[in-house]
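Here is a friendly note to read alongside the model. Keep the picture open and find each residue as it comes up.

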Amino acid sequence: MKKRILIKLLSAVCIIACAFGLTACGIFGVGSDKDNEQGSQGVSYGTATVNYHYEYDVIFENYWQEKYSIESGTVYDMEITYTPPVKAGYRFLGWTTEKGGEGEVVGSTYSIMGSGFGGTVYNFYAKYEAIRFEIVYHLDGGINNADNPVSLIGKQTLKNPVKDKHKFDGWYRDPEFREYTTTASMIDDKTTTVNLYAKWIRVYEIEYVSDQPNLKVVGDQSYRPHMSYTDDDEEFTVNLHSEYFKDYLFLGWEIEEGGALVKEAEIKIDPKSEKRDFTFTARYLQESNPGNTAGLRTLISSNGGYYFYAREEVNKIIVGDMRADKPNDFTRNVTVYYSGENPPEVVCRDGVKVWFEYDPEEVEKMF
């Protein structure tokens, strides 16, 4: 900011006298101290200091200072040409002589007088007028808070907007989200329309459900179950693992409705291309037992298996994943005694060994 002050003498005579005094008395450091205080023609010189105060609401006040060597006791007209200060949100009106810019603005010229030693000190204070500005909110589909103003004088802290399935991540002054702000305010003294941009983080609602009313599956525990955030459009992963329950056979997770079932899966979600929420359904079958299958009897073996006794009306036997007597142990072996023309179908988890024995007499012993 260029700063310039002009001092004008009241008459041509004063101009000549001042020029002669500056040369003769060594006012800029040439000559003796006695000469500096009082010239050979009996002219004395002093100083005048002018302070331009332009910022008040800070811990350390900012101002610009100018100093002049002029003839003591002589009044000069000073043209106020110090470059006008810039204060964001305010219009500069001129300089006053009252602190804080109170009072009337002084004219373009102001009379000053020099004096010796410390000199005469003059203080000018910038006078401002607050500017009302308009605010344009770019919400990208969100809903603004009713307390956020559409026009304003000065500065105001902003409240958060809302958007379905999104988390608010801050206000920004640019669409590239580089200049973060918490307030609405002008950034200069000219632009009277302020643009504010809401940044959002997509919140994916991820549900893990079971097709059995009595079974509550937990889902992925390695990455925030039931809800996942995507910060800065970063890809994230959902891991699906088998979940076993007593009296049930786990068939697998259904990722897409009506799609193939998988026991284990690693699903990568890219928010740049994927905007939907996800529901993963665990499918189960209730194991066969005398209570739900006519013509069937069971015994639990000591070696981690089952003995099934099936009459001819039994067409299918569903074997649960966990042993009914020891829920922490997996079923390992199954022996089926049947009396029908064909053995029943056995549905069980991979790795279970199944033996069939056609023995109608052994079957009837259990009934």
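**Notes on the model**

1. Let us begin with a charged pair: Glu179 and Arg173 form a salt bridge, and their closest N and O atoms lie 3.9 Å apart. A salt bridge here is a side-chain nitrogen of Lys or Arg within 4 Å of a carboxyl oxygen of Asp or Glu. Glu179 is partly exposed, at a relative accessible area of 41%, while Arg173 counts as buried at 17%. For these words, buried is under 20% relative accessible area, exposed is over 50%, and partly exposed is in between (1.4 Å probe, protein chains only).

2. Before going on, please keep in mind that this is a predicted model, in which local features need pLDDT of at least 70, side-chain atom pairs count only at pLDDT 80 or more, and totals for chains, interfaces and linings use all residues. Residues are numbered from 1 along each chain as its sequence is written, and side-chain values use heavy atoms, with hydrogens and water left out.

3. How confident is the predictor? The average pLDDT (the predictor's confidence in each residue, from 0 to 100) is 83 for the protein, and 85% of the residues score at least 70. Over residues 1-40 the pLDDT is below 50, and this stretch has 63 contacts in the model beyond near neighbours in sequence. Contact means heavy atoms within 4.5 Å.

4. Back to charges: the structure holds 19 salt bridges. One of them links Lys163 with Asp140, with 3.5 Å between the closest N and O atoms. Lys163 lies in the loop between β10 (155-157) and β11 (166-172), and Asp140 in the loop between β8 (132-138) and β9 (151-153), so the pair ties together parts that are 23 residues apart in sequence. Strands (E, at least two residues) are DSSP runs, numbered from the N terminus. Asp140 itself is exposed, at 58%.

5. Elsewhere, salt bridges that share partners join Lys165, Arg202 and Asp277 into one network.

6. Now look for an open sheet of 4 strands, ordered β3-β2-β7-β5 with mixed pairing. Two strands pair if DSSP finds at least two bridges between them. β3 (62-71) and β5 (90-96) are the edge strands, each pairing on one side only. β5 and β7 (residues 120-130) run antiparallel and are joined by 6 bridges; Arg91, for example, has Glu129 in β7 as its bridge partner.

7. Next, find Ser72 in the loop between β3 and β4 (75-79). Ser72 is partly exposed, with a relative accessible area of 24%. Leaving aside neighbours within four places in sequence, Ser72 is in contact with residues including Tyr45 and Ser115. Thr47 is 25 residues away from Ser72 in sequence, with 7.8 Å between their C-alpha atoms.

8. Finally, turn to β17 (residues 248-254): 6 of its 7 residues are buried, so this strand is largely enclosed by the rest of the structure. β17 pairs with β20 (residues 278-286) in the antiparallel sense over 6 bridges, and also runs antiparallel to β18 (residues 261-262), joined by 2 bridges. Trp253 has the bridge partner Ala282 in β20 and Val262 in β18. The hairpin of β17 and β18 has 6 residues between the strands, and there Gly258 takes a positive phi near 80 degrees.
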